[in-house]
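Open your viewer and get ready to select a few residues at a time.

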Amino acid sequence: MGVFAKVFLTMWLIGGTAGSIYLLAKRFVDLAMRVVKLHNETCLEDPVLWPTWLMTLILVSCVLGLMGIVCKIKFFQWFFSFLINIGVIYIICIMVWRLMVFGWLRKPTPMSFEEVYKNNSPLDEEYKPMLIDDMASDRVWPEVEECLTEIKFCEEASGKDKIFAKEDWKIETYYEYYWEGCCVPPPRCENKVLSLKGIGDENDDCLRWANATRNKVNNRIKCFNCESCKAARLATYQTDQDKVRMYSLIAAVFLFIANLFVSMGGFE
C-alpha cells in the first residue's frame with residue numbers, strides 16, 4: 001500500500017504543481033487586464049485576493065511534497081502535511097465567511113440588483129449587513145463617489161480624455177451593473193426626474209436622481225449617491241466572488257486526496 005500511495009501521491013503532486021501554476025498565471029493575467037482596463041480605480045474593481053493566496057499555498061506545498069518524496073527529507077514531508085492542514089482550515093474559514101457575508105440562501109445577483117434599481121427596495125433587504133457595511137456604508141461611500149467623479153464615470157469625453165465608451169460596458173458584468181445603477185435612471189423615474197411629481201418618499205431614489213441630474217444634459221445624467229449605484233458596487237463584488245468560487249472547490253478536492261495518500265503511506 002505504501003508503494004502504491006507513494007506513486008499516486010507523486011503523480012498527484014506533479015499534477016497539482018502544474019494545475020496551480022496554470023490557475024495562478026490565469027489569475028494574474030485576469031487581474032492585470034482589469035487593472036489596465038479599469039485604470040486601477042478601486043471604486044470600480046475590488047480584486048478578490050483569496051484564490052491567489054490559496055493557489056500559492058498549494059503550489060508551495062506541492063513543491064515541498066515532491067522534494068520530500070525525492071530527497072526523503074523528513075522536514076519537507078512534515079512541512080507539506082502542515083501546509084495541507086493549513087489549507088483545509090483556510091478553505092473552511094472562506095466558506096464560513098461567505099455564509100456570513102452572502103447568507104445561506106440568497107437571490108441571484110441580477111435579481112437583487114433589479115429589486116433595488118427598479119423597485120426601490122432597500123439595500124439591507126437584498127444584501128447582507130456585513131457586505132453593505134464593508135462596500136457601501138456612509139463611511140466608505142464618499143471615497144467611492146469621489147473616485148467615480150474623478151474618472152468622469154458616465155461621461156463620454158472625446159480624444160485622449162475618453163476613458164470609457166458605451167460599447168465597453170458590455171465587455172464585463174461589472175461594467176453593466178455600474179453603468180445601469182449609476183448612470184441610467186430606473187424606468188419608474190423617467191417622468192419624475194425632471195418634474196419631481198409623484199415622489200412622496202424622501203428616501204426614494206427618484207428624488208436622488210432628480211436632485212443629481214437637474215440642469216444636466218441627457219448624456220451627463222448620473223447619480224453616484226443613489227441606492228442603485230451602491231447596489232451596483234455590491235452586485236459587482238458579489239459577482240466577482242461567485243466567479244472565483246471554483247478555486248475553493250478545486251483546492252478542497254486536491255487537499256483531501258493529497259491528505260488521503262499521505263495517510264496511506266505516501267512518504268514511506
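A crossing is left-handed if the near helix is turned anticlockwise from the far one by less than a right angle, and right-handed if clockwise. Helices here are DSSP runs (H or I, at least four residues), strands are E runs of at least two, and both are numbered from the N terminus. You are looking at a predicted model, where local features need pLDDT of at least 70 and side-chain atom pairs count only at pLDDT 80 or more, while totals for chains, interfaces and linings use all residues. Residues are numbered from 1 along each chain as its sequence is written, and side-chain values use heavy atoms, leaving out hydrogens and water.

**Stop 1: α2 and α12**

Select residues 50-71, which form helix α2, and residues 245-263, which form helix α12. Two packed helices are described by the angle between their axes and the distance between the axes. Axes are lines fitted to C-alpha atoms, for helices over the stretch in contact, and angles run from 0 to 180 degrees between N-to-C directions. The axes of α2 and α12 come within 9 Å and cross at roughly 25 degrees. That makes α2 roughly parallel to α12 (angles under 35 degrees count as roughly parallel, over 145 as roughly antiparallel, 65 to 115 as roughly perpendicular and the rest as oblique). Turn the view and you can find that α2 passes α12 in a left-handed crossing.

Now show the side chains in contact, meaning heavy atoms within 4.5 Å. From α2, pick W50, P51, L54, M55, I58 and C62; from α12, pick R245, Y247, S248, A251, F254 and L255. By class, the contact of α2 with α12 has ten nonpolar residues, one polar and one charged (Ala, Val, Leu, Ile, Met, Phe, Trp, Tyr, Cys and Pro count as nonpolar, Asp, Glu, Lys and Arg as charged, and the others, Gly among them, as polar).

**Stop 2: α4 and α11**

Next, select residues 109-119 for α4 and residues 227-243 for α11. At what angle do their axes cross? They cross at roughly 175 degrees and come within 9 Å. The two helices are therefore roughly antiparallel to each other. On α4, the contact uses T109, F113, V116 and Y117, and on α11 it uses E227, S228, A231, A232, A235, Q238, T239 and D242. The residues of the contact of α4 with α11 divide into six nonpolar, four polar and two charged.

**Stop 3: the disulfides**

A disulfide is a covalent bond between the sulfur atoms of two cysteines. Here the search looks for cysteine sulfur atoms within 2.5 Å, and it finds three disulfides in the whole structure.

- Select C182 and C229, joined with an S to S distance of 2.0 Å. C182 lies in helix α8 and C229 in helix α11, so the pair ties together parts that are 47 residues apart in sequence. Both C182 and C229 are buried (under 20% relative accessible area, with exposed over 50% and partly exposed in between, using a 1.4 Å probe and protein chains only).
- Select C189 and C206, whose sulfur atoms are 1.9 Å apart. With -80 degrees about the S-S bond, this link is left-handed.
- Select C223 and C226, with S to S 1.8 Å. The torsion about their S-S bond is about 85 degrees, so the disulfide is right-handed.

**Last stop: C62 and C93**

Is C93 buried or partly exposed? With a relative accessible area of 47%, C93 is partly exposed. C62, by contrast, counts as buried at 0% relative accessibility.
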